[in-house]
Amino acid sequence: MVLEYATPSEHGLGQRLSMETISARLSQLPIRPVLRLLGVASHFADRALSGKRAEAEARLVDGLLRPQFRERLANLQMADEGIAFCSSQQTLQLALLALRHCPDTESEGPTDLSFRLGDLIVALADHLSDGPGSSRDELLLDLVRNALFYRLNGVLDWFDAAYGLFVQTAPTLTEDVDFVDIDALLRDRVGMPLDLYWAVSTAVGVA
């Protein structure tokens, strides 16, 4: 099924906001909780495409969409099951804007932070198909956003620890009854050694 994501202009969901207004509202929100919430939202938006759409989209709607807009979305989806709430592209584009505009403070933000971000995610959908696409500078900022997100959430530390476990420790456990030669297995099944496979999979994981 091809999904169509709800927008204020086409579907009457949420508020229509200019890019300037979206940026101005982001400038009032702290970067760290914003990125954490958008990371979670992106995860559930991707899960909605993997056969668990109803469960994942319910989590998104409950967490991000203000109650007064939920009936409108439900009516849209009853009329057309191809209408979806939001995509990971929207959440990640908003994260990129957040890097530019949100201040780095110790605040956890307002109590309705998730709903404020939901407002902006929906409003941003009106703008994603406009223009010639991302510029080189925007793509570089997207890379910075990815690095910052994973650093804030400790994922880079996990990759560092896991490297020591899989590449340095596991190959030395040859006397263990459950020993598996991971390097030989990857060479046979994937066609590359363990260190190369790790480098490629880690690059994909944080890109």
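This is a predicted model: local features need pLDDT of at least 70, side-chain atom pairs count only at pLDDT 80 or more; totals for chains, interfaces and linings use all residues.
**A walk through the helices and cores**

Read from the N terminus on, the elements of the chain follow the order β-α-α-α-α-α-β-α-α-α-α-α-α, which amounts to eleven helices and two strands. Of the 207 residues of the chain, 35% count as buried. Among the contacts in the chain with a separation of 6 or more, 79% are accounted for by residues 24 or more positions apart.

In soluble globular proteins, nonpolar side chains tend to be buried together. In this chain the largest nonpolar core has 37 residues, and the members that touch the most other members are Ile22, Leu26, Phe85 and Leu94. At least two residues of this core come from each of helix 2 (19-26), helix 3 (31-47), helix 4 (53-64), helix 5 (67-79), helix 6 (88-101) and helix 7 (113-124). Elsewhere there is a second, separate core of five residues, including Ala162, Val167, Leu186 and Leu194. To return to Ile22, and leaving aside its neighbours within four places in sequence, this residue is in contact with Leu17, Leu94, Leu97, Leu120, Ala123, Leu124 and His127.

The next step is to see how helices pack against one another. Two packed helices are described by the angle between their axes and the distance between the axes. For helix 3 and helix 7, the angle is about 65 degrees and the axes are 11 Å apart, and these two helices are therefore roughly perpendicular to each other. Their crossing is right-handed. On the side of helix 3, Pro33, Val34, Leu37 and Leu38 meet Leu113, Ser114, Leu117 and Ile121 in helix 7; sorted by class, the residues of this contact are seven nonpolar, one polar and no charged.

Helix 3 also packs with helix 4, here at an angle of about 150 degrees and with the axes 8 Å apart, which makes helix 3 roughly antiparallel to helix 4. The crossing of helix 3 and helix 4 is left-handed. From helix 3 the contact takes in Ala41, Phe44, Ala45 and Arg47, while helix 4 contributes Arg53, Glu55, Ala56, Arg59, Leu60 and Leu64. By class, the contact of helix 3 with helix 4 has six nonpolar, no polar and four charged residues, whereas the contact of helix 3 with helix 7 has no charged residues.

Notes
Residues are numbered from 1 along each chain as its sequence is written. Side-chain values use heavy atoms; hydrogens and water are left out. A nonpolar core is a set of buried Ala, Val, Leu, Ile, Met, Phe, Trp, Tyr and Cys residues joined through side-chain atoms within 4.5 Å. Buried means under 20% relative accessible area, exposed over 50%, partly exposed in between (1.4 Å probe, protein chains only). Helices (H or I, at least four residues) and strands (E, at least two) are DSSP runs, numbered from the N terminus. Contact means heavy atoms within 4.5 Å. Axes are lines fitted to C-alpha atoms, for helices over the stretch in contact, and angles run from 0 to 180 degrees between N-to-C directions. Angles under 35 degrees count as roughly parallel, over 145 as roughly antiparallel, 65 to 115 as roughly perpendicular and the rest as oblique. A crossing is left-handed if the near helix is turned anticlockwise from the far one by less than a right angle, and right-handed if clockwise. Ala, Val, Leu, Ile, Met, Phe, Trp, Tyr, Cys and Pro count as nonpolar, Asp, Glu, Lys and Arg as charged, and the others, Gly among them, as polar.
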